[in-house]
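Student: Please pick a single residue and take a close look at it. Then connect it to the rest of the chain.

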Amino acid sequence: MSPQVKHSFSKQHLRAARYFASTSKSIELQTAPSCPADTPEHRAYVTGAILSAVSGLESSINELYLEAQDRGQNSLAGLTPTNVSMLAEWWQELDRRPTVLKYQMALLICGKEKFSQQSEVYRDADSVLRLRNALVHYKPEWDTDLRV
């Protein structure tokens, strides 16, 4: 049997998000307050940060469920065998479901309280997911209320 290697991409996505966000912040700090950082480069870094952050969130939770299916002993060492079995069992049902639901279910399966929808972490995750969806599934529209 040849050795097997499984690559995790969530960390790469999160590193990219951090890079894009810090680069966009540098651009903002170099820009005079009277002149907003509205350049194509700045928009690219901000958009990259959003897309990469959500990719990191989605990859991370998917990797957890898939690691449970593979019965990853090292990476899931803090979970009970029952938790791992339940995560693996639920993966088929959750595979194409919303990312926030995958996290909520993982918490419940592992005997933890799910995030309150009023909590900052839940609202932040939900907001960045919605923002990413608005960017990826963008539909042009007229802005009839624009004031110049």
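## A close look at one arginine

Tutor: R132 is buried, with a relative accessible area of 15%. The cut-offs are simple: buried means under 20% relative accessible area, exposed means over 50%, and partly exposed lies in between, with a 1.4 Å probe and protein chains only. The model is a predicted one: local features need pLDDT of at least 70, side-chain atom pairs count only at pLDDT 80 or more, and totals for chains, interfaces and linings use all residues. Residues are numbered from 1 along each chain as its sequence is written, and side-chain values use heavy atoms, with hydrogens and water left out.

R132 sits in helix 5, residues 120-136. Helices here are DSSP runs of H or I with at least four residues, strands are runs of E with at least two, and both are numbered from the N terminus. What does the side chain of R132 make a polar contact with? Its partner is the side chain of N133, at 2.9 Å. A polar contact is a pair of N or O atoms within 3.5 Å; within protein, one must be able to donate a hydrogen and the other to accept it, and residues adjacent in sequence count only if both atoms are side-chain atoms.

Now look beyond the neighbours within four places in sequence. There, R132 is in contact with I50, L51, V54 and E58. Contact means heavy atoms within 4.5 Å.

I50 leads on to R18. The two are 32 residues apart in sequence, yet their C-alpha atoms are 9.8 Å apart in space. R18 lies in helix 1. Is R18 buried or exposed? R18 counts as exposed, at 59% relative accessibility. So one arginine, R132, is buried at 15%, while another, R18, is exposed at 59%.

A44 belongs to helix 2. A44 is partly exposed, at 48% relative accessible area. From A44 to S24 is 20 residues in sequence and 8.6 Å in space, C-alpha to C-alpha.

V100 is in helix 4 and is buried at 14% relative accessibility. Leaving aside neighbours within four places, V100 is in contact with Y122, D126 and L129. V100 and I61 are 39 residues apart in sequence, and their C-alpha atoms are 9.3 Å apart.

I61 also brings us to the pockets. It is among the residues that line the second largest pocket, as are S60, L64, Y103 and C110. A pocket is an open set of points on a 1 Å grid over the protein atoms alone, where a 1.4 Å probe fits, with protein on both sides within 12 Å along at least five of seven lines; lining residues have an atom within 4 Å of a point. The second largest pocket holds about 160 Å³ of space. A volume is the space filled by probe spheres set on the points, which are joined across faces, edges and corners. Its lining has eight nonpolar, two polar and no charged residues. Ala, Val, Leu, Ile, Met, Phe, Trp, Tyr, Cys and Pro count as nonpolar, Asp, Glu, Lys and Arg as charged, and the others, Gly among them, as polar.

The largest pocket has a volume of about 250 Å³. Its lining comprises 12 residues, with S8, S60, E63, L64 and E67 nearest the centre. By class, that lining has three nonpolar, five polar and four charged residues. Helix 2 gives the largest share, five residues.

Finally, the whole chain. It has five helices and zero strands. Of its 148 residues, 26% are buried. Among contacts with a separation of 6 or more, 55% link residues 24 or more positions apart.
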